[in-house]
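Hi there,

Here is the structure I promised to pass on to you. Have a look at it first, and then read on for what turned up.

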There are 2 protein chains.
Amino acid sequence: MTAVAIRQLSTAQPDFEAAFQQVLHWSAETDDAIEARVADILAEVRRHGDAAVLRYTALFDHLDVASVAALELTRDELKAAFDAITPAQRAALESAAQRVRSYHERQKEASGLSWQYRDEDGTLLGQKVTPLDRVGIYVPGGKAAYPSSVLMNAIPAHVAGVGEIIMVVPTPRGEKNPLVLAAAYVAGVSRAFTVGGAQAVAALAYGTATIPRVDKITGPGNAYVAAAKRRVFGQVGIDMIAGPSEILVLADGSTPPDWVAMDLFSQAEHDELAQSILLCPDAAYIDQVRAAIDRLIDGMPRRDVIRASLEGRGALILTKDMDEACAISNRIAPEHLEVSSREPHRWEPQLRHAGAIFLGAFTSESLGDYCAGPNHVLPTSGTARFSSPLGVYDFQKRSSLIEVSEAGAQVLGPIAAELAYGEGLQAHAQAAEFRLKR
Amino acid sequence: MTAVAIRQLSTAQPDFEAAFQQVLHWSAETDDAIEARVADILAEVRRHGDAAVLRYTALFDHLDVASVAALELTRDELKAAFDAITPAQRAALESAAQRVRSYHERQKEASGLSWQYRDEDGTLLGQKVTPLDRVGIYVPGGKAAYPSSVLMNAIPAHVAGVGEIIMVVPTPRGEKNPLVLAAAYVAGVSRAFTVGGAQAVAALAYGTATIPRVDKITGPGNAYVAAAKRRVFGQVGIDMIAGPSEILVLADGSTPPDWVAMDLFSQAEHDELAQSILLCPDAAYIDQVRAAIDRLIDGMPRRDVIRASLEGRGALILTKDMDEACAISNRIAPEHLEVSSREPHRWEPQLRHAGAIFLGAFTSESLGDYCAGPNHVLPTSGTARFSSPLGVYDFQKRSSLIEVSEAGAQVLGPIAAELAYGEGLQAHAQAAEFRLKR
């Protein structure tokens, strides 16, 4: 029943900048012990393949089997899991999958198709867009086992046209999460292995006798998984290294305060390091949200995590006006940005950096997390300044296409030769000159 | 006058697979000494800013100045460099820039525009595409100082709409490359500093009093630069870590052998580690190319590098037919792929993995390197399996847009709540339920 001691700031206070920096401070320091352990695991799996995967799975997941093949989940097992969940769960998974698929199909059409044109000399220029051959999806086990993440990773890959989608998921002591397996069935995962940690990342990156090598690995994981992904980057593609999840609510005071309080909770309940921030120019409204927080928290099963997160990393910030709130939002570049305003389209054009923008009072982040359609894998820790939601584009790559016509070669040859000689690359120059008519 | 001892293989030979693996073998082992040095430099620049940048510039580039401001190249200096080069060079730079700009404008239109739609419930879904605020472009000094790379990095950023483009280029002992400065002028670089190495990457990633912090760093560099980019990844975006350059020529025997020999040279002349491979089903034609190599090499100013590269990493490979050549090409996933055939469009659909595909006898790689229009920054070392040429998309990021209508919230709410309860995230569920009409 104690009030939640969430930080309250005002941009008008003299030490605002320092206090604001403290709120934002989060450092993803790498841990040398984890790095060294992960380097070992990668080297062992690279060298010993299946044998090393089995050894680490026994050691870390207490799962002792005779072969990696015994760790594979068959399509029948996935289907059995799907059949065993409740009809309401089946319907929810299928509706969510259908909406996510439909959104990503639009995304592919909007930005993921091949294109080409010919210039006045008949030279063809363009880009061919092709799917990756095979990708790996890491799905965490344990407390952060989210079936929705299976959909959000596998469906864009599927829509992109990826030939084979390999899921890995740790099942400590053999405990399988039926909703995760059901989601894998709905999402159309090609193969699945109950392997996790750095050993799973290594198996996907290098391939073993049983687990095929993939071209890219996506999906969240713990510190070992993150370190392993960073290390295999280059050998395979990776998506991103996720930090703690964040929500920023930009409110003009028109949304019921309970709704905003619950939206702040929905981020905070993920994890004690998750961050929930409210920016609002209306002091009375901030008080109402604070009161709602205090009133609602005791009803939440995850109240301890929520409280720790709000008190450790949360903030309610009073701004001069909505314009200033937008400017601060751009400095934060939040993962999730709710524009809880009567006029969301007035403010949206000012918002330059965010993973996903939720417009209007009815758009709770949680609707976007599960089923609105857009992806819930989003850039964290300010990386929305330069990166994007996971999407179809992450499972495609592009090849430039160039077909220089004979006429085009006469125009381009002298330009290329001039620049090549300037760079001291005479073979480049002569290759262009050979194509000139004598 | 000694014949070039380039490896010759046939897919029919019994040990082909082993020999082929040996050709492909290239390992980007990290060097612990370089890693440690780079970690120090990054930490020093982060802590001491301009002072550390000055210290390292004096130490590594033998350039002793009073302030980082003295290392800035003014727009007037860039213009003076442009005015001082020959009229032919000016014209070539401007023609190349114009063609590169035009291609990247098409690219932006084809895949880089915002989109949105409303579903049957009036819910808006889409993606907003925005340029990065500020990017840094690393331009190497010394032997690999390529003005064309300035164009290829800066122009896509410009087309994307990036607000500020900061170029860094080392100028050891104060020696400036006039073509690089002229290219910076033509490409419309916003600011330029004569700083290089890991200290330049650190300054761009963290910002100093004089050098502004950027959101992404692109451009090639030596092992120190590559290690520094890898380490600051996450703090800022990076493009890719480039390996040695490669060309694969897929020939059906219809292109003059001298042309193909010169195309192989044009890759080999970059660097002793560069790789040139010919795949061809016609043994007599391979002999003609080999004879052309031996005939032409002595005329090349960079013959020593070319010979070392061809003998160390090159290969002429006889295949059963063109289909097999295409299959092998897909295993290599080359950076540059020339389809030197009378029927390039017959083979192109089979080619799934390549940075850039050059179609037909007139399309020498060098035309693409300088001025055809597409970017010459391409994925190396087989990473074309999962990555793409540098493009406008590298200087943009996307934000999902979601505006759930009141009607939409009634449909989505129960789905989200069902899944959220299944994941044990009650606040997510209640945030959705709060939006339901009671």
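Let me start with a UniProt record: an unreviewed entry gives the feature "binding site" at Y138(A), Q199(A) and N222(A). These positions are spread over 85 residues of sequence, yet they cluster in space, with a largest C-alpha distance of 12.6 Å. Please keep in mind throughout that this is a predicted model.

Y138(A) sits in strand β5, which covers residues 134-138 of chain A. Its relative accessibility is 4%, so Y138(A) counts as buried, the cut-off for that being under 20%. Beyond its sequence neighbours within four places, Y138(A) is in contact with a set of residues that includes V168(A), P170(A), G196(A), A200(A), T218(A) and P220(A). G197(A) is also one of its contacts, and here the Y138(A) side chain reaches the backbone nitrogen of G197(A) at 2.7 Å.

Q199(A) belongs to helix α8, residues 197-206 of chain A. Q199(A) is buried as well, because its relative accessible area is 2%, again under 20%. Once neighbours within four places in sequence are set aside, Q199(A) is in contact with I41(A), V45(A), V53(A), Y56(A), T57(A) and F60(A).

The side chain of K229(A) reaches the backbone oxygen of G219(A) at 2.8 Å. Other contacts of K229(A), leaving out neighbours within four places, include V201(A), I217(A), T218(A) and I238(A). K216(A) is 13 residues away from K229(A) along the chain, and their C-alpha atoms are separated by 9.9 Å.

Now for a second group. For "binding site", again from an unreviewed entry, UniProt lists S245(A), Q267(A), H270(A), H336(A), D369(A), E423(A) and H428(A). Do they gather at one spot or lie apart? They span 184 residues in sequence and the farthest two C-alpha atoms are 55.9 Å apart, so they do not all gather at one spot. The domain assignment gives some context: chain A is divided into domain 1 (7-28 + 243-372), domain 2 (32-238) and domain 3 (404-433). The C-alpha centres of domain 1 and domain 3 of chain A lie 56 Å apart.

Which residues does E423(A) touch, not counting those up to four places away in sequence? They are Y146(B), P147(B), S148(B) and Y370(B). E423(A) lies in the loop between α16 (406-422) and α17 (426-434) of chain A, and is buried with a relative accessible area of 11%.

H428(A) is placed in helix α17 of chain A and counts as buried at 1% relative accessibility. Leaving aside neighbours within four places, H428(A) is in contact with A420(A) and also with residues of chain B, among them S266(B), H270(B), E365(B) and D369(B).

Finally, the two chains. A rotation of 180° with 0.0 Å of shift along its axis superposes chain A on chain B, with an RMSD of 0.0 Å. That is the relation of a two-fold axis. Within chain A, S111(A) comes closest to the rotation axis, at 2.0 Å for its C-alpha. The copies meet through the same surface, because 100% of the interface residues of chain A are also interface residues in chain B.

Best wishes

Conventions
Residues numbered from 1 in each chain as written. Chains lettered and ligands numbered in written order. Predicted model: local features only at pLDDT ≥ 70, side-chain atom pairs only at ≥ 80, totals over all residues. Heavy atoms only, no water. UniProt positions renumbered as here; feature names shortened; annotations may be inferred. Helix = DSSP H or I, 4+ residues; strand = E, 2+ residues; numbered from the N terminus. Buried < 20%, exposed > 50% of the residue type's maximum accessible area, 1.4 Å probe, protein only. Contact = heavy atoms within 4.5 Å. Polar contact = N/O pair within 3.5 Å; in protein donor to acceptor, adjacent residues only side chain to side chain. Domains from an automatic or database assignment. Least-squares fit on C-alpha atoms with pLDDT ≥ 70 in both.
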